[in-house]
Amino acid sequence: MTRPSHSTGTFPIGTCFLIASSLSAALGCGGETTEPPDGAECGALAEVEVRCDGSTCRTETGTRTFAEADLDPGRYVIVSWATSEFIDTETPGNESVDVQYGRQSPGALRRAAAARRRRAPSRAVLDHLSVGPRLRAEQVVRSWQSTAPFVLPDRWGRAPLGSRFPVPGPAWQQAACSRAAPECDGLAVCALESDAPDAVGVCESSLRLKFRTGATSFDEVTAEVKWRGRHAAIVVETGDEVSAQVLETLGTRFDEHIAPLSHALFGPPTDASGADRDGNGLVLFFFSHRVPELVDGLVGFFQPDDMRDPETIAPSNGRDLLYLAPPSADISVDSIAGTIAHEYEHLQNFASKVVRNGSSPESVWLDEGLATLAEDLTGHGSDAQENLAAYLACHSNTSLTGASVCTGDEVSADTAQRRGMVFLFLRYLFEQAGGADFGTAPGIVEDRGGVARIRGLVDSGDTGIDLFSDGEDAFHRRLGEFLGAVAASNADYPDVSCHPSLSFAAPETDAVTGQTRGVVLRGSVALSGGRSLSLSGPTPVVDFRDESAPLPVNGGEVRHLSSSQASTVRIGGPGEDFRISFRIFRTGSTP
Amino acid sequence: MSALALALCLVAVPPPGAATTTLTGEIREVRAGPGGQSHAVLWRGADIPPLSLRTEAPLAPGELSRLAGAEVALIGRSPPGDTWTVYDYRILRVGHGRRRRAPEVGILAALTESTGTTLLFVRKDGRAGRLPAGWSRKLSAMQGAKVWFIGRWDKDRFRPERFAILAPARKDARHESP
């Protein structure tokens, strides 16, 4: 999926775009036309000039006017947003700020016209979302994690001590393997004796693994190697059943499709020398009936403590390992494959930030957004689409970085709404950088700029908002660009929705999985299992009127305005700590 | 009256005989893995190890994490181990920016009248103020939630400036208007 060639997609807030109804083609910023994805001509962007921004507008008794604009009669869509430069990883900004919308005109709004444009809420009933168990489980996994600083284990790159069965036999073979040649015959994985470049080891066909049951407690279980490929080995807890066909399907899909794409997008799951945690060159997929027993409906998870030293953190397996539920009537193979793509990104991200860069782990909001993007880009985007629906249905109360204010029962800030928003934000960055061409064969991606953009986020030693703060107001500006696309993409606003910086590329079908890759904000998308999801854009969209309303910090909302008379609109808020802006697009004449 | 009863429900009661102390500091959310903002700690300066915190009813799980960045006075006790159990707290200052101020803590309650439903901010001491219409509409699903506000009172109205949810509505604290 490649973006058509276009300008950078950035816009100088408050400095361009004076569009009068009769002059719209002539006075747009740059005055040039742009080729939209479908090849039809797109006129100059119908964006209204914002007369002042935060540094030049008025301050009155603690309330600051951040921006103003004069509007001719017509219909408009208005995007407003608020950010704070004081939010960082320890203070994620779980608050909302009062935004004051103002409008002065001799006439009243044409409410009937505005009402006609209101759309039904996007379909997102949280109780039905399949992502719920994952959200709950990842909260559990986090609550069990060690809070001690991560220290690169001495035994990085070799098998953990004490995990081997005591005597040779069916569990492990006398057959030798080495770091240079870690391949084992049959269904076995190499356990290296040291982290030396010339280390030798033995081939294990059974493993002793730990399954964590609490912050410090765990059960020891045995598991047999049932499948082994180039990038992964699948081990199944003794007594659990996973059919050979399922093992082959999942193993092959990972080896040939998910891993090559994930490595291009998010980097290797290794240290700087290229060694993975246990030195066998394989990520272990550990299937156990205990996974869905941990949280009902849970399909899988990554426990970062497994990257730590088991001698320090007893429940650690000292392996690069994902825990997975065996397939069942409720857990499809597609669902497991999508979970692997999601959890593998967490493993890759940890390897980059913590192991290779010696940095902090990635912020929750961004790491979960990247993992959701991994589902989408590897062709397993059904959960990502459901997260997106949850965001669109609560767009005006969702923060990119903090807690959302949506259903009233959120305990954690890590919600489906926020995952959907961050996913869409990252998808926007990916597409605006040029996207990528995914081939018709498995595991093929040709970068057009989007892969490098995402890879840069993961490879950097920075985390969270710092990754987007490369210049004055950079994060604020990027959020405004993104929210413009949320408002306009697929909305058929003349000379607005067709603009490449305000639209998402048409989705495509992944050649391997048959699932949707990409987003459509207004329309229907196919999900796995023959399901579909219908989206109606951001909802609810209310009229722009004189009122005071909350806006989540690092979030925004979309409003409509229809007026038969000229008017002046403004946006204000507390005169400290925040940056508040709006963008205004003309969408038509007054009916 | 129901609003006052709701407000009083917010006051935590330490177990009988428990010796409690008060500690002040800044709440931080500690991360321990990829995205692992696993729990809240009390930060008391670079020279003092941060104190791991857990809450006990009626404080909600995750309530302290919602206060990341706030300066607080915590009322609780230390059982054996490294974790401090919090029974109640006062928020001394919130706001990530230049002017940090003490917010007012209370709950959101709905007032149904013939003209429609208005959302109220009910302070811990029972004082209630109507929120602006735009706030009522956007927070209508939040009835019963424990919140903090910075804003000003104007007779029976409350004009908010900043706000955050501290805990979702307690199911046992929901009241229907007569």
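This is a predicted model: local features need pLDDT of at least 70, side-chain atom pairs count only at pLDDT 80 or more; totals for chains, interfaces and linings use all residues.
Mentor: Local features need pLDDT of at least 70 and side-chain atom pairs count only at pLDDT 80 or more, while totals for chains, interfaces and linings use all residues. Residues are numbered from 1 along each chain as written, chains are lettered from A and ligands numbered from 1 in written order, and side-chain values use heavy atoms, leaving out hydrogens and water.

Trainee: Happy to start! In the open sheet of four strands in chain A, what is the strand order?

Mentor: Strands (E) are DSSP runs of at least two residues, helices (H or I) of at least four, numbered from the N terminus. Two strands pair if DSSP finds at least two bridges between them. The pairing here is mixed, and the order is E20-E22-E3-E24.

Trainee: Over how many bridges do E3(A) and E24(A) pair?

Mentor: Strand E3 covers residues 74–84.

Trainee: Which residue forms a salt bridge with A:Arg478?

Mentor: A salt bridge puts a side-chain nitrogen of Lys or Arg within 4 Å of a carboxyl oxygen of Asp or Glu. Here the closest N and O atoms are 2.8 Å apart, and the partner is A:Asp470.

Trainee: Is A:Arg478 buried or exposed?

Mentor: Buried means under 20% relative accessible area, exposed over 50%, and partly exposed in between (1.4 Å probe, protein chains only). A:Arg478 has 14% relative accessibility, so A:Arg478 counts as buried.
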